[in-house]
Amino acid sequence: MGATQEELYSGLDLDLSWSERDLPERERTKHVHRLHPYLGKYIPQLVEELFRRHVPSRGRVLDPFAGSGTTLVQALESGLDSTGVDIAAFNCLLMRVKTADHNPFVLERELRDVLARFAAGEGRVTGRTAYLRRWFAPQAQDDLLRFRSLLADYEHADVLRVVLARAARSARLTSHFDLDFPREPQTEPYWCHKHKRECRPVERAEHFVRRYTLDTLARLKEFGRVRQKRTVSVLHADAREAALDGEFDAVVTSPPYPGLIDYHEQHRYAYELLGLEDLRSHEIGAAAGGTTKRATAAYVEGVADVLHACRGVLRPRGRVVIVVNDRRDLYPEILERSELVLEQRYQRHVNRRTGRRTGEYFEDVLVARRP
Ligand SMILES: C[S@@+](CC[C@H](N)C(=O)[O-])C[C@H]1O[C@@H](n2cnc3c(N)ncnc32)[C@H](O)[C@@H]1O
């Protein structure tokens with residue numbers, strides 16, 4: 001038996017509720033955490049503190065919903081081994097690029113070389129698709145396709161793929177205030193709510209390619225100075241059936257929320273440009289599925305199956321730490337189905353002052369173990 005709700009609910013955990021002043025955006029998005037936008041991630045400082053509380057030093061941690069790789073990146077910084085699983089191929093590419101042990105000299109030489117060739121007009125424009133024609137101005141299409149044609153020549157091609165995706169995201173025909181899920185291309189000048197003036201849709205991508213290549217180089221080098229030599233493994237798989245090897249000291253994760261975000265769709269441009277495998281039908285809780293009774297039941301079953309699989313590779317004293325905003329109170333059932341018991345529950349106050357999705361809310365951290 002786990003503890004009762006009252007015993008568990010120790011109130012707000014102030015140590016996990018940072019204000020914007022304590023923890024400004026540049027700290028939350030330090031080094032590789034800002035290599036590419038990703039909607040729905042948690043912050044590295046939270047993960048760091050959860051590791052300190054629940055993972056033995058030099059231990060091994062698993063994140064079955066690894067997303068943009070916050071757990072894995074922090075594991076490297078905290079001196080832990082880690083494995084991350086994600087169903088979305090782009091997320092796995094991003095995680096691999098963030099966590100790889102890049103040789104800084106080769107990286108710098110290659111990134112500067114590709115930029116010089118790109119600036120000199122090298123590269124071919126091939127493979128224009130209907131998606132590209134619809135979502136990018138003609139010059140932006142040319143810039144992106146030309147850069148793409150140069151990537152394969154480099155050892156760090158995956159780093160350049162992430163740069164290409166980031167440049168494509170910025171160069172889409174969207175308004176500045178609708179970068180997350182634009183529905184229709186923005187082809188005419190428009191009144192911009194973000195900048196409070198008339199803005200024009202982007203026409204070129206060349207400047208983004210240059211800016212993001214240099215930014216990526218700086219961020220990877222910065223992370224290279226703080227990452228420890230630990231092992232990292234990224235699995236592109238459905239976490240219900242991922243082939244996990246060995247045992248883990250802890251699971252630290254933030255599962256998708258039901259009906260909130262389509263994790264493939266938010267990076268659609270990357271799938272289109274990079275030809276990545278699309279496994280969206282395996283996404284648990286996808287927004288496209290909505291929040292009907294049936295979709296919610298499928299969500300509960302899906303997350304429970306994942307946690308149950310994690311339980312099978314957890315060391316006997318290991319903990320499963322789940323960061324979730326359980327507005328629908330689904331996690332008591334999910335834990336029961338996973339054959340896990342709740343041991344502790346912290347509530348944290350999230351106060352987001354930047355970005356379009358500003359606002360305050362509460363988030364739970366559930367700490368569970370085997371009965
Ligand atoms: C809330 S996000 C995790 C974000 C992560 N904590 C971070 O900081 O980047 C949930 C992730 O679960 C992934 N996901 C959804 N269904 C999955 C499945 N069946 N197997 C593995 N991953 C899945 C999504 O692709 C998404 O990246």
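I looked up Ser68 first: an N or O atom of its side chain is 2.6 Å from an oxygen atom of the ligand. I count this as a polar contact, a pair of N or O atoms within 3.5 Å. Thr70 also has a polar side-chain atom 2.6 Å from a ligand oxygen. For Tyr42, I found a backbone N or O atom 3.1 Å from an oxygen atom of the ligand. The protein covers 99% of the 610 Å² of accessible area (Shrake-Rupley, 1.4 Å probe) that the ligand has on its own.

The model is predicted: I took local features at pLDDT of at least 70 and side-chain atom pairs at 80 or more, while totals for chains, interfaces and linings use all residues. Numbering runs from 1 along each chain as its sequence is written, and side-chain values use heavy atoms, without hydrogens and water.

Next I listed the shell.

Then I checked helix H3 (residues 44-54; a DSSP run of H or I, at least four residues). Eight of its 11 residues are buried (under 20% relative accessible area), so H3 is largely enclosed by the rest of the structure. Among them are Pro44, Leu50 and His54.

Last, I looked at backbone angles. Arg58, in the loop between H3 and strand S2 (60-63), has a positive phi of about 60 degrees without being a glycine. Arg58 is exposed (over 50%), at 57% relative accessible area.

Terms used:
Polar contact = N/O pair within 3.5 Å; in protein donor to acceptor, adjacent residues only side chain to side chain. Buried < 20%, exposed > 50% of the residue type's maximum accessible area, 1.4 Å probe, protein only. Helix = DSSP H or I, 4+ residues; strand = E, 2+ residues; numbered from the N terminus.
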